[in-house]
Every structure is written in structure tokens, then in C-alpha cells.
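Biologist: Could you walk me through this structure, one topic at a time? I would like to begin with the charged pairs.

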Amino acid sequence: MSPASSIRTGLRWMALGLGLMSATLVVLAGYDYWQIGRTPQPCVTGPNWQADAALVLSGAPRLRRTRVAVAAWRDQHLPTIFISGAGAGGDSAEGLARAAQGQLNVPADIFKIERRATSTADNLAYSCPLLRKAGAKRVALITDSWHMTRAMATARELCAPVSFCSLPNHEPTTPERRRHEAIALFVYQLTSNAVWF
């Protein structure tokens, strides 16, 4: 085989490999899009479900995520509520805990605060050491339903051996939110911040 023929054969194989890789990435991105808005590994499997703690991801105004955690605490499904976030894109963890104390009439000592996170990856990276230190083995992850797929995939990647279940605040998954979340999840997976299913 001549050198030119070898080069052509090599280029064909390389093109085939790139084509297969591109097709695989398109399929994975499509699967991510389909997953958005679903509830992976739900906490509520029966009336007496239990978790060691809740982790509320900040970024939602009007206490909409925090209310879910407080309701679970009131129903004695969990003893402690961790809230994570510096406030980028929504309320800060400190602000949410303070507002919950006043508006929802709950004691301050049920809250543990993580103050540095400015993204979903940060929420989990900074909160997981706190959860481990507290001895939490099963944690109810609380965020909006359209954000839950990425949050759970990130938790599974960054927080082992802590196990998470989903306790979503049910917000509509609009087409715009679905697109944004599917892209964000795909980027997180490519950068090793979230598991590939």
C-alpha cells in the first residue's frame, strides 16, 4: 500500500470515528433533553418515607423550595434542613432560613447554612462535606422539578457516598427551561460535574 493510500485509509477511519462520536453525543444530548422535568429516585415511596436531612438549593424566590423542606420536616420525614447558596440567581441560603423562621414559624436550629455556592455544582461540592460531617447517609434533594435531573446527576457525581432522593417543588417545565437545563446538564456531564445517567 502506497503512503498516499495509507493516509487516505487513515483519514477515512478518523472521519468514521468522528462521525460515530458526534452521533453518540447527539443521542446523549437528546436523552438529556427528554429527562428534564422528570423526578429521578423520588423520596416519597410511601407515607412513612425518611431521610437524614434535606438539602435545599437556593436560587428560588418566595421560599418555594424551602416550603417543600419545611413541610417534610413538619411531617417528621427528616430532622434537619441544609440550605446552600450565596444568592446568585435567587435568594441566599441565609436569607431563605431567616425568611422561613419568620414566615413559616420554624425554629432557627433546624437549618444548617452553606454560604459560598453560586452554581449547582458549587451547591453540591460545598454542601456534601457538611452532610458527610453530620452523618447524613440519605438526603432529600430539593429544587424545582425542571432543575432536578441536573441536580441529581451532579449530586451522584460529586457527593458519594451520600445517597440522594428527589423531593421537587413542582414548577412547570417550560420549553425554554427544558432547553436551558438540557444544555447545562450536557455541559456538566462533559466537564465531569454530573454523571452520564
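Modeller: In this model, which is predicted, glutamate 94 forms a salt bridge with arginine 115, and the closest N and O atoms of the two are 2.1 Å apart. This pair links distant parts of the chain, since glutamate 94 sits in helix H3 (residues 93-103) and arginine 115 in the loop between strand S3 (111-114) and helix H4 (120-133), 21 residues apart.

Biologist: Is glutamate 94 buried, exposed or partly exposed?

Modeller: Glutamate 94 has a relative accessible area of 32%, so it counts as partly exposed, given that buried means under 20% and exposed means over 50%.

Biologist: How many salt bridges does a search of the whole structure find?

Modeller: The search finds 5 salt bridges. One of them joins arginine 65 to aspartate 144, with the closest N and O atoms 2.9 Å apart. Here too the pair links distant parts of the chain, with arginine 65 in helix H2 and aspartate 144 in the loop between strand S4 (138-142) and H5, 79 residues apart.

Biologist: And are those two, arginine 65 and aspartate 144, buried or exposed?

Modeller: Arginine 65 is buried, with a relative accessible area of 4%, and aspartate 144 is buried as well, at 0% relative accessibility. These residues also belong to a network of salt bridges that links Arg64, Arg65 and Asp144.

Biologist: What does glutamate 171 form a salt bridge with?

Modeller: Its partner is arginine 177, and the closest N and O atoms of that pair are 4.0 Å apart. Glutamate 171 is partly exposed, with a relative accessible area of 21%, and arginine 177 is partly exposed at 25%.

Biologist: Changing topic to the helices, at what angle do H5 and H6 pack?

Modeller: Helix H5 (residues 145-158) and H6 pack at an angle of about 10 degrees, and their axes are 9 Å apart. Angles under 35 degrees count as roughly parallel, and H5 and H6 are therefore roughly parallel to each other.

Biologist: Which residues meet there, between H5 and H6?

Modeller: On the H5 side they include Trp146, His147 and Arg150, and on the H6 side they include Arg177, His180 and Tyr188. Arginine 178 also lies in helix H6, and, leaving aside neighbours within four places in sequence, arginine 178 is in contact with Tyr33, Trp34, Ile36 and Thr173.

Biologist: Now the surface: which residues form the nonpolar patch?

Modeller: Among them are Ile7, Leu11, Met14, Trp34, Leu190 and Trp196, and the patch as a whole has about 1,100 Å² of accessible area. Helix H1 (residues 3-35) contributes the largest share of the patch, with 8 residues. Tryptophan 196, however, is placed in the segment after helix H6 (175-190), and tryptophan 196 is partly exposed, with a relative accessible area of 35%.

Biologist: Let's go inside, then. Where is leucine 131, and what does it touch?

Modeller: Leucine 131 is in helix H4 and is buried, with a relative accessible area of 0%. Not counting residues up to four places away in sequence, leucine 131 touches Ala53, Leu55, Phe82, Ala136, Val139 and Phe164.

Biologist: What about histidine 77, is that one buried or exposed?

Modeller: Histidine 77 is buried, with a relative accessible area of 10%, and its place is in the loop between helix H2 (64-74) and strand S2 (81-84). Leaving aside neighbours within four places in sequence, histidine 77 is in contact with Pro47, Asn48, Trp49, Gln50, Ala51 and Ala72.

Biologist: Last topic, the backbone: which peptide bond is cis?

Modeller: The bond from alanine 160 to proline 161 is cis, with omega near 5 degrees, and proline 161 lies in the loop between H5 and strand S5 (163-166).

Biologist: Which residues have a positive phi without being a glycine?

Modeller: Glutamine 41 is one of them, with a phi of about 45 degrees, and glutamine 41 lies in the loop between H1 and strand S1 (53-57). Serine 192 also has a positive phi, of about 65 degrees, and serine 192 is placed in the segment after H6. Glutamine 41 is partly exposed, with a relative accessible area of 44%, while serine 192 is partly exposed at 48%.

Technical notes: Residues numbered from 1 in each chain as written. Predicted model: local features only at pLDDT ≥ 70, side-chain atom pairs only at ≥ 80, totals over all residues. Heavy atoms only, no water. Patch = residues over 30% accessible without salt bridge, like charges linked within 9 Å, V, L, I, M, F, W, Y side chains within 5 Å. Areas by Shrake-Rupley, 256 points an atom, 1.4 Å probe, with all protein chains shown as cover. Salt bridge = Lys/Arg side-chain N within 4 Å of Asp/Glu carboxyl O. Helix = DSSP H or I, 4+ residues; strand = E, 2+ residues; numbered from the N terminus. Buried < 20%, exposed > 50% of the residue type's maximum accessible area, 1.4 Å probe, protein only. Axes fitted to C-alpha atoms, helices over the stretch in contact; angles between N-to-C directions. Parallel < 35°, antiparallel > 145°, perpendicular 65-115°, else oblique. Contact = heavy atoms within 4.5 Å.
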